[in-house]
Amino acid sequence: YWIGGGYAPELYFSNNVHWMGYQEHPRDYYPLIDLFFLSSRDEPLGMVCAEALMHEKHCVSYGNAGYAELIRGISGCAVYEEYTVTSAYDAIRRALASTLDCEAVKAMLEITSGADAFIQRFDSFLVE
């Protein structure tokens with residue numbers, strides 16, 4: 001399944017890809033997937049990756065995208081540094097070959113997205 005926009009005409013005709021296009025609530029599809037693949041070359045911080053992780057899904061991201069730094073080193077996730085099909089496929093295989101470390105995901109999400117961490121960061125801007 002491929003959910004999302006973008007220009008990838010070679011995918012529209014592949015027998016290996018079920019193109020679903022833009023979906024207003026992609027989180028409704030998380031139960032159907034084994035892995036979330038962030039295909040963007042330069043997404044600053046794909047929050048949809050965080051949503052997938054909260055649903056305990058393996059995640060793969062290109063190394064230039066912002067979420068790569070957050071999932072790098074977490075078992076069950078993978079980052080590919082070369083933006084090629086071969087490199088991306090290898091990262092998908094590596095991610096699926098290991099168990100997702102849900103505790104590491106939880107810790108990362110609490111640090112980056114949790115309410116307490118957000119309040120601390122916000123307070124630090126207010127204190128002079």
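Mentor: Helices (H or I, at least four residues) and strands (E, at least two) are DSSP runs, numbered from the N terminus. Aspartate 42 lies in the loop between E3 and helix H2 (47-54). The model is predicted: local features need pLDDT of at least 70, side-chain atom pairs count only at pLDDT 80 or more, and totals for chains, interfaces and linings use all residues. Residues are numbered from 1 along each chain as its sequence is written, and side-chain values use heavy atoms, without hydrogens and water.

Trainee: Why is aspartate 42 called exposed?

Mentor: The relative accessible area of aspartate 42 is 57%. Exposed means over 50%, buried under 20%, and partly exposed in between (1.4 Å probe, protein chains only). Aspartate 42 is therefore exposed. Its C-alpha atom is separated by 19 Å from that of tryptophan 2, 40 residues apart along the chain.

Trainee: How do you know that E4 and E5 pair?

Mentor: Pairing needs at least two DSSP bridges between two strands. Strand E4 (residues 58-62) and E5 have four, in the parallel sense, so by the definition they pair. Cysteine 59 stands opposite cysteine 77 in E5.

Trainee: What makes E3 and E5 edge strands?

Mentor: The open sheet has three strands in the order E3-E4-E5, with parallel pairing. Strand E3 (35-38) and strand E5 (77-80) each have a single partner strand, so one side of each has no neighbour in the sheet. Neighbouring strands are turned by 15 degrees against each other on average, direction ignored.

Trainee: Why are H5 and H6 called roughly parallel?

Mentor: The axes of helix H5 (residues 102-113) and helix H6 (residues 115-126) come within 5 Å and cross at roughly 30 degrees. Axes are lines fitted to C-alpha atoms, for helices over the stretch in contact, and angles run from 0 to 180 degrees between N-to-C directions. Roughly parallel means under 35 degrees, roughly antiparallel over 145, roughly perpendicular 65 to 115, and the rest oblique. H5 and H6 are therefore roughly parallel.

Trainee: Which residues of H5 and H6 meet?

Mentor: Glu110, Ile111, Thr112 and Ser113 in H5 meet Ala115, Ala117 and Arg121 in H6 (contact: heavy atoms within 4.5 Å).

Trainee: What makes a set of residues a nonpolar core?

Mentor: The residues are buried Ala, Val, Leu, Ile, Met, Phe, Trp, Tyr and Cys, joined through side-chain atoms within 4.5 Å. The largest core here has 20 residues, and Phe36, Leu53, Cys59, Tyr67, Ile71, Cys77 and Leu109 touch the most other members. H2 gives the largest share, four residues. Leaving aside neighbours within four places in sequence, leucine 109 is in contact with Ala50, Leu53, Met54, Tyr67 and Gly114.
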